[in-house]
Amino acid sequence: MSTHAAEQDPHLSANWFTLLRATALPPGTTVQTLDIGLPANPGTAQLHLMRKPDTPAQLHGLSTFYTPIFGPSGPGPIDAEALRAHWHLIRRAADAPHLIQLAPVDPDTPFFALARDTLRQAGWLVGDYFCFGNWHAKVSGQTFEDYLAARPSQLRNTLLRHRRKLERRSDFTLRIQATADAALPAAIAEFTRVYNLSWKQPEPFPQFIPGLCALAASKDWLRLGLLELDGRAVAAQLWLVAAGTAYIVKLAHDKQYDALGVGTVLTGHLMQHVLDVDHVQHLDYLIGDDAYKRNWTPLRRERRGLVAFNPASARGLALAVRHFAGRALQRLRQGAPGVDPA
């Protein structure tokens, strides 16, 4: 049995995992890469795992809070027998983990079912759980004008009102940095400055975003949008465009300019670019159920996690009991009349 790993999504590329390893993991993290390609094509499908220093008895997919989706890297196909054998060896090893956790995964991909089934066949007790909602839109063939016309009237009116107000200012400019040229370092610095002036928490791994921007520029993925007033950026957004999809990664604006709607105007500008210039087929807001996302992208799907418990470990067995008992209690409460879900 075999299946293809997800192709072309930047977040499932070998470059993405290399960047995470170099810039976004706690010191002391160890990484393990499983070759899960067919014997005739070694290295064409790899699964990247890690053990963090604070939880050395747990094995996780190589993912962080920057990760919108986890899965194998490489074009595949995946060898199910190889994957099953890896899970079996990990469970039998002297340093066998209490649990394996793979998240966030798209439950509609073949990898989700394949990982779940091969873990069970290798003797693990396997469950799954909700990670977050993912808002997206199918936009194949649509112009920005057509797409905007289908959005809620409040969003359209807000965008047009703020855009007209800003256009009356002589110091207003919009630009998109997409190439690895001499202007890239300054654009990244402006993004970082705006991000630090926004409502967002400072980046705990400050080298990751600059590294991602440099990588994206080298691959023609980068769409780094800046809205400037008086020669300084007051709103900044990081988008990636690849394989017909615009991925909306990071949004920020200087809190002093909330009343001018600078974030909304910059989003509209980037939406227009990816629809009318890049001609993308999908928009993807990646992580989370923030209310503003549904105004721009009307479709929602879920990302889920897989968790596998080692029944040969007392700790693993105890964690399994707690997980499955908790799920059973939740289902019971949801099904009982007059009882609110936990």
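This note goes through the predicted model point by point, from overall form to single residues.

1. Basis. The model is predicted: local features need pLDDT of at least 70, side-chain atom pairs count only at pLDDT 80 or more, and totals for chains, interfaces and linings use all residues. Residues are numbered from 1 along each chain as its sequence is written, and side-chain values use heavy atoms, with hydrogens and water left out.

2. Overall form. The protein has ten helices and 13 strands. Helices (H or I, at least four residues) and strands (E, at least two) are DSSP runs, numbered from the N terminus. The radius of gyration is 22 Å, close to the 20 Å of the globule rule for 342 residues, so the protein is as compact as a globular protein of that length. That radius is taken over C-alpha atoms, and the rule is 2.2 Å times the number of residues to the power 0.38. The C-alpha trace spans about 70 × 55 × 40 Å along its principal axes.

3. Of the 342 residues, 48% count as buried. Buried means under 20% relative accessible area, exposed over 50%, and partly exposed in between (1.4 Å probe, protein chains only). Contact means heavy atoms within 4.5 Å. Among contacts with a separation of 6 or more, 74% come from residues 24 or more positions apart.

4. Cysteines. The structure holds zero disulfides; a disulfide is a pair of cysteine sulfur atoms within 2.5 Å. Cys 131 is partly exposed, at 24% relative accessible area. Cys 213 is buried, at 0%.

5. Cis peptide bonds. Most peptide bonds are trans. A cis bond joins Gly 76 and Pro 77, with omega about 0°. Pro 77 sits in the loop between strand E4 (58-61) and strand E5 (78-79). The bond from Ala 103 to Pro 104 is also cis, with omega near -10°. Pro 104 belongs to strand E6 (residues 99-105).

6. Positive phi. Most residues other than glycine have a negative phi. Ala 243 has a positive phi of about 50°. Ala 243 lies in the loop between strand E10 (232-242) and E11, and is partly exposed at 48% relative accessibility. His 279 has a positive phi of about 55°. His 279 is in the loop between helix H8 (262-276) and strand E12 (282-284), and is exposed at 57%.

7. Thr 245. This residue lies in strand E11 (residues 245-253). Thr 245 is buried, at 10% relative accessibility. Leaving out residues up to four places away in sequence, Thr 245 touches Leu 240, Val 280, His 282 and Asp 284.
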